[in-house]
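Take a moment to look over the model below.

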Amino acid sequence: MTSIVDHVHLAPASGLDARLARLLADWLPRQRWYGGKGARIDVDSGVRVLARLDLLPDRDPGLAMVVVEVRPDGREPERYQVFIGARRELPDRLAHAEIGSVRDEHGAAWHCYDGLHDPELAGWLLERLAAGEVIGPLRFHMLPGRRIDEGLRSLVLTGEQSNTSVIFGDKLIAKFLRRTVAGVNPDLELSLALADSGSRNIPQPVGWIDLTLSLEDLGATRPGPAPRGAPDDHDDARDENGRPRAGEGSTGYGDYGGPEPITVATVSEFLPTATDGWLLAQTSVRDLYAQPPGTSPKAAGGDFGPEARRLGKATARVHHDLATMLPTGRMEPDELERVAEAMIAHLHHAAGRVAELEPYVPALSGILRRLTTIDEPIPTQRVHGDFHLGQVMRTVHGWVLLDFEGEPSRSLEERRAMAPAVKDVAGMARSFDYAAHHLGGDPAAAQAWAERNFNSFCKGYASVNGHDPREQDTLLKCYEIDKAIYEAVYEAANRPTWLHIPLGAIRRLAAGQAE
Ligand SMILES: Nc1ncnc2c1ncn2[C@@H]1O[C@H](COP(=O)(O)OP(=O)(O)O)[C@@H](O)[C@H]1O
Ligand SMILES: O=P(O)(O)O[C@H]1O[C@H](CO)[C@@H](O[C@H]2O[C@H](CO)[C@@H](O)[C@H](O)[C@H]2O)[C@H](O)[C@H]1O
């Protein structure tokens, strides 16, 4: 095989790249993980190939990794990374992943498709990881002490959301990040810090893939300044970048130097027997709805309360470990004023996109302004950032937390910012509300279920961290409102039939009382 270094094309302008760009302009908006839904993309000029890495240029199947910039009408450009497989004949099992056909320089037609769906190509990527290879700007990192079995068969997880997860055997899960963002991915950053802390409340990380091209190399516009909450106050346990120093058995991440690369994928232990919290919660809600009206959630049979309590404990442990391993801070009253302003600006922006929010703007703004009445500093730290029941899994040993990426549509700066830990507690409060209301049962039963489980969660949390998150009631409520606003925008764009769930919560939160 020719060296990959000969096959790194920056700002490529071949006929092939122009054709790929046109195919992607049609294909990208149809993908679940595509973030710019709703805005038109011009087929001829809406997508630009910023880089193409021909990883397997002389083979069938071939593999290339492309980074593209998408310019939807009236929106900021966004960048995505796509592993494109190419075959002369496309087997039926890959038909669903087809992007389109292109001709090579000899006039031969090739079917291009989402390469992650091809076990041969996914397996090739995993072998590169096992060997810790560096292929031009693409680097495969294996963590010390981890091993990858040979011949693991891959399968793309259905229900992909913001990213695409590929399972290998029942051993590993590789999460391919779809957006190309400069700077280390918070999921990787926090998972490695938690692994270094010895946390058992996460799937153990195995390795990751990154790309050492800068956004300037890619010819893209650089986003804003270094993240607020990026490490700046050190102690002896941290290096000059604020990261934990590598110790014996550590992931070694604390040693990482140089410019921050673009994270392409993270690979961690797969938990084959775990069930996600959303499914478990749904089962409990169904049990309640099957009972006569007025039955308490505790007496319904499938009570989730004890699990919610354990989940609260696991969350508190993870918060404790994050605060030990990564920088912490304090939000002074003037900072709370800025948070209130940012939340109100978020509300106005959201109301511009989801008209149903408009009537609630005055009441919600009034509640959000109450943040400025908090007159004591609030401790801040790195948090999960998009905490909900689909991000937690119950194993036979207890709860593990997944996906520390933050809310996918926020900037990296926001996603890496320190925040009060109660932000995650508010996320889980919203998730209990979702679980309770999405099956469309009796609203009073739904409310009772959500309250019981949130209270159990908080009691569990308090039993580990020594303070009950419900005591920070103003902060909690404001973060709940902010999350519900985010959800309204998310649902309007992705699942319009679910929009009524955050809207119902907004109505209740604005009225200041449960229905
Ligand atoms: N380590 C794991 N073991 C088993 N299942 C997992 C693991 N990590 C993720 N999953 C499953 O994949 C789903 C999506 O994972 P997640 O990291 O939240 O991706 P996304 O950012 O695309 O939502 C989870 O809800 C869970 O069902
Ligand atoms: O899991 P992701 O990181 O992709 O998060 C996004 O999608 C979530 C939906 O899957 C969305 O979560 C919302 O719906 C959940 C039920 O499906 C509910 O439990 C959450 O509370 C609610 O926020 C999440 O907001 C979004 O960022």
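A polar contact is a pair of N or O atoms within 3.5 Å; within protein, one must be able to donate a hydrogen and the other to accept it, and residues adjacent in sequence count only if both atoms are side-chain atoms. Keep that rule in mind for ligand 2. An oxygen atom of ligand 2 lies 2.8 Å from an N or O atom in the side chain of Asp386.

This is a predicted model, where local features need pLDDT of at least 70, side-chain atom pairs count only at pLDDT 80 or more, and totals for chains, interfaces and linings use all residues. Residues are numbered from 1 along each chain as its sequence is written, chains are lettered from A and ligands numbered from 1 in the order in which they are written, and side-chain values use heavy atoms, with hydrogens and water left out.

Start with the domains. The protein chain is assigned domain 1 (8–116), domain 2 (120–269) and domain 3 (275–510); such bounds come from an automatic or database domain assignment. Taken over C-alpha atoms, the centres of domain 1 and domain 3 are 37 Å apart.

Where does ligand 1 lie? Domain 2 and domain 3 both give residues to its shell, so ligand 1 lies between them. A residue is near a molecule if one of its heavy atoms lies within 4 Å of it. Around ligand 1 there are 16 residues, and Lys175, Glu269, Leu271, Gln391 and Asp403 come nearest. A polar side-chain atom of Lys175 is 3.0 Å from an oxygen atom of ligand 1. Leu271 uses its backbone: an N or O atom there lies 2.9 Å from a nitrogen atom of ligand 1. Alone, ligand 1 exposes 550 Å², and the protein buries 86% of that. Accessible areas like this come from the Shrake-Rupley method with a 1.4 Å probe.

Now return to ligand 2. It is surrounded by 17 residues, the closest being Gln161, Ser162, Ser431, Tyr486 and Glu487. A polar side-chain atom of Glu487 lies 2.6 Å from an oxygen atom of ligand 2. For Arg495, a polar side-chain atom is 3.0 Å from an oxygen atom of ligand 2. Alone, ligand 2 exposes 530 Å², of which the protein buries 95%.

Which element gives the largest share of the shell around ligand 2? That is α11, with four residues. Helices here are DSSP runs (H or I, at least four residues), numbered from the N terminus.

Notes
Helix = DSSP H or I, 4+ residues; strand = E, 2+ residues; numbered from the N terminus.
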